[in-house]
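Open the model in your viewer and keep the selection tool at hand. The stops below go one by one.

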Amino acid sequence: MHGLTASALGGVLIAVLGADTVLLVDAATFAVAAPLFAFGVRDLPEAQPMRRVEPASLPVYRRELAEGYRFLAATPLLLGLCLMTLVTRGLDQGWSAVLLPVHAHEQLDGAIDLGLLNAAFGICALTGALICGAVGSRFRRWPVFTIAFLIGGLPRFVVAAFSDSFTPLAAIMAVEGLAFGVLNPIMATVTYETVPEELRSRVLSATTAAVQLVTPMGGLAAGFLVDAAGLPGALLTVGGVYLLATLCPVIFPAWRQMDSSGPPYDRTEGSLPRSSKANRT
């Protein structure tokens, strides 16, 4: 949530104050936050770790981590979510770090339009998340998730590639913000329903590590692609890959399990869902 509001606020500030001033303001907020954190939370009680059944050790850590990875690999829906998020976050990084700034510099009014575009997307994404929280339970998850990802993927790349004006791109980014706002609540709900409580930290760590590993590569790849194919070619190439990724929920049947409850889990039998074990016998 804070990422959405920060993007919107940063966009507005860039448009009003300019990029250089916003950098100074951002640095000043860190300078204020550091002493507030250092002296403002001293009297708050520390969170206590959960009691473990057996003492922590390297063999125990390896076994538990492997258990989380096995559960992820044996649950097609979770594995699909992880792989799709891994790909699209990398492509999003290429868009936000390279493609959109270059487009704003070459085709639009530079930092001002870039700030307004980010503000439109962030505000609408926050609005979409709030709407999803209010009425999302009334709708099936799979079609909402699929349609939202299709809306939020390819269109912005196509509009940026074939338009050199601000209004069409602002409109499509606002619509995409609304669509993207519903994705994280759905993915979080599905994950927490599917993963047993005792495995959540391990499974979430595995998925987060994968995403964080690949995300920076998206900006690097987009930079090389712009140099090699030009901005329009890079936009259409990245948009095409994004489209292929967002078609996964349409093609693979496992994604329809988003509307069902999580698979049962028996700790005594290991980390695999019973349904997966049954299919192997």
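This is a predicted model: local features need pLDDT of at least 70, side-chain atom pairs count only at pLDDT 80 or more; totals for chains, interfaces and linings use all residues.

Next, select helix α10, residues 200–246. Its 47 residues would reach 69 Å as a straight helix at 1.5 Å a residue, but the end C-alpha atoms are only 25 Å apart. Now center on Ala 229. Here α10 bends by about 120°. Pro 232 follows within four residues.

Turn to the charged pairs. The whole structure holds 5 salt bridges.

Show Asp 259 and Arg 140. Their side chains meet in a salt bridge, 3.4 Å from N to O. The partners are 119 residues apart: Asp 259 sits in the loop between α11 and α12, Arg 140 in the loop between α5 and α6. Asp 259 is partly exposed, with 32% relative accessible area.

Move to Arg 141 and Glu 193. This salt bridge spans 2.8 Å, N to O. It links helix α6, which holds Arg 141, to helix α9, which holds Glu 193, across 52 residues. Glu 193 is partly exposed at 39%.

Last stop: Glu 176 and Arg 156. Their closest N and O atoms are 3.2 Å apart, in a salt bridge. Glu 176 lies in helix α8 and Arg 156 in helix α7, so the pair ties together parts 20 residues apart in sequence. Both Glu 176 and Arg 156 are buried.

Key: Residues are numbered from 1 along each chain as its sequence is written. Side-chain values use heavy atoms; hydrogens and water are left out. Helices (H or I, at least four residues) and strands (E, at least two) are DSSP runs, numbered from the N terminus. The expected span of a helix is 1.5 Å times one less than its number of residues. The bend at a residue is the angle between axes fitted to the seven residues ending there and the seven starting there. A salt bridge is a side-chain nitrogen of Lys or Arg within 4 Å of a carboxyl oxygen of Asp or Glu. Buried means under 20% relative accessible area, exposed over 50%, partly exposed in between (1.4 Å probe, protein chains only).
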